[in-house]
Amino acid sequence: MQRIFQIDGEETECWLGHDGSRFVLNTPNGTVACQLDPTGLPGGYTLRAKGVVRELRLAVGPEATFVHMNGRTYEVGRVDPAERLAGSDGGTSDDRLVAPMPGVVVSVAVKPGDTVEEGQPLLVIESMKLETTLTAPRDGVVAEMPFAEGDSFGLKDILAQLAPEEE
Amino acid sequence: MTISKLLVANRGEIAARVLRTAKARGLATAVLRHVAEQEGPAHLIADEIVMIDGPTPVAAYLDIPQIVDAAKKIGADAVHPGYGFLSENAAFVAALEEAGVTFVGPTSETIDLMGDKIRARAFVEERGFPVAPSAIEDDDPATFVERARAVGYPLLIKPSAGGGGKGMRVVREDSTLETEIETARREGQRYFGDGRLFVECYIERPRHIEVQVMGDGQGNVVHFWERECSIQRRFQKIIEETPSPALTPEQRDEICETAAGIARAVKYRGAGTVEFIYAQDGAFYFLEMNTRLQVEHPVTELVTGFDLVAEQLRIAAGEGLSATQANIPQTGHSIELRICAEDATADFRPSIGDLLLLDEPSGPGVRVDSGILDGGKVTTDFDPMLSKLIVHGRDRVEAIARARQAVQNYVVLGVTTNTGYLDAILAHPDFASGDVSTGFLAEQSETLTAPGEDISDLLMAAAALSDERLVSDVMQIPEMHRKMGGWRN
């Protein structure tokens, strides 16, 4: 069974199997025999993999698994490849600015049809009491600016959309 | 005036912290809660909870008439404001006075004076205490830009009514001065409802050192030593400690006495903090006075053995100071880490989410002032600070070791936090040697956010084996196929 895991923004495609006695995770780096046993603590497990034994704390969120191990906390995003395929909608990620946080639009510097250069300020937003200027991710033409000054927006809303690049 | 029932007009960790002391002193206690707010530790401690409402949760906590009414309705004879929100709002103090409710803090006149950075600065300068070269817009708005230029670069623009680093901009080149002034003015207008500005000479590689003071309102003032707060991101502190590793005993006495002198000059009442900019050559300048309890007050408590909230309540009840200067010790070393829901690798972007698992550290020399509960939710409604981890050791080396051990064992799962980043700061050789300035985090950002050892295979194994759907799907595949490496559907 396949899964795509995302760690620090990097995606890795894995495949989990079972050889009759234990689980085997196939990663691009090789095959890892692994075992996870509860310790009794809330979210506590012992992980055996790659010849090491680690005590960890773990919580499974809707989109990511949080792992506390070696005194650090890590976030492992989980993507089901089948769902990703179904959810694909064509536009590429550098065409749009996606809201990193919910917030409010402070000012809008451009309008649809404007030609912009990479790094040019498109709008100023305020999230958590901090002002941030969002700039064009590449040279292009503005297709949409869905929010006006004073509008509130939610997490992952599209704040600016550039016209697709011509091939 | 005796106090028998205290309303804490705040939330989160500070509300819980104040309530604990109030209860220990035998007071009846109450705390506010916004109708849409998550349950927090304070709500479990208080005898009574007063629901408040407003267009946003923050607006509710800033709603003076509503909070004064709440105090009257429940028969509270005193209000503790915590920090932030209405803690430095003179109108709030005046409204409470009018309602016959005691404000646990200074007089509205003192708050007014110290809340206006320009008047405060002038007051301090007139009395012979050190201040940095500056230009004040109000002195002559028409020539402000010109006079700002004359201060020289780099310079720092600040809103006159500001605090907490909001709206502050460092300007290094003349070409950006005017646009930065406009941005600062807009931010000042929005955060504080006041767009007036001033600029001051920006001291390179400065340290931020502050002194805890406490006054009885009659002119008796003692200090509780200094705190070093140079570890800041976006002008906001995230690690504080005491004693400061930068000061010699003579400098320590000088800066602490200066702070006490400033507080004496206003006949200060209650707990306050005098903040200084400390230059590499040992010169120091008055920055501002915060007329409230600070976020970082616990480090002072751990080295002096005093409960500063208990002192505040004593003073508010007219019982005066419990200590004389000679019996306020500074024993061992204490460090505070602010645990924040933010991503240090993404420009400290605040993060939100459900708290899936919370296990906070404990042990000798470890104190946690927490504002969250397991199963709660972190939203964008309030500040991203979740809790504070405070440690005490016999010396700085032991305090750092304890802080590292404790922060590594601080388990917060479900929302991105800065625990790993805080540990990286504590592990940095410049932090260990005490050679830091307020620019330390920005200068060292790459080192501090560098990825550690690559353990992605282990993490993916843990994520895969804890994914119940994945595991059950794998086990449903006929055994023969399961065994075939690279089986794909």
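**Strands, cores and contacts in a predicted model**

Modeller: In E9(B), B:Leu156 has B:Glu200 as its bridge partner. This is a predicted model, in which local features need pLDDT of at least 70 and side-chain atom pairs count only at pLDDT 80 or more, while totals for chains, interfaces and linings use all residues. Residues are numbered from 1 along each chain as its sequence is written, and chains are lettered from A and ligands numbered from 1 in the order in which they are written.

Biologist: What makes E7(B) a strand that pairs with E9(B)?

Modeller: A strand (E) is a DSSP run of at least two residues, a helix (H or I) one of at least four, and both are numbered from the N terminus. Two strands pair if DSSP finds at least two bridges between them. E7(B) covers residues 155–159. Five bridges join E7(B) to strand E9 (residues 197–201) of chain B, in the antiparallel sense.

Biologist: Which way does E7(B) run against E8(B), and over how many bridges?

Modeller: Strand E8 (residues 169–171) of chain B runs antiparallel to E7(B), over three bridges. B:Leu156 faces B:Val170 there. Strands of a sheet pair through backbone hydrogen bonds, either parallel or antiparallel.

Biologist: Is E7(B) mostly covered or mostly uncovered?

Modeller: Mostly covered: five of its five residues are buried. Buried means 20 or more other C-beta atoms within 10 Å of a residue's own; 12 or fewer is exposed, in between is partly exposed, and C-beta atoms are placed from the backbone. B:Leu155, B:Ile157 and B:Pro159 point one way, B:Leu156 and B:Lys158 the other. In chain B, 51% of the 489 residues count as buried.

Biologist: What makes a group of residues a nonpolar core?

Modeller: The members are buried Ala, Val, Leu, Ile, Met, Phe, Trp, Tyr and Cys residues, joined through C-beta atoms within 7 Å. The largest core has 152 residues; B:Val79, B:Phe276, B:Leu459, B:Ala461 and B:Ala462 touch the most other members. H18(B) gives the most, with eight residues. A second, separate core of 13 residues includes A:Leu97 and A:Ile125.

Biologist: Which residues is B:Val79 in contact with, leaving aside neighbours within four places in sequence?

Modeller: Contact means C-beta atoms, placed from the backbone, within 7 Å. The partners of B:Val79 include B:Leu7, B:Ala9 and B:Phe103.

Biologist: How many residues does each chain give to the contact between chain A and chain B?

Modeller: Chain B gives 47 and chain A gives 51. On the chain B side, the largest share, ten residues, comes from helix H18 (residues 456–465). That side divides into 21 nonpolar, 13 polar and 13 charged residues. Ala, Val, Leu, Ile, Met, Phe, Trp, Tyr, Cys and Pro count as nonpolar, Asp, Glu, Lys and Arg as charged, and the others, Gly among them, as polar.

How values were computed: Contact = placed C-beta atoms within 7 Å.
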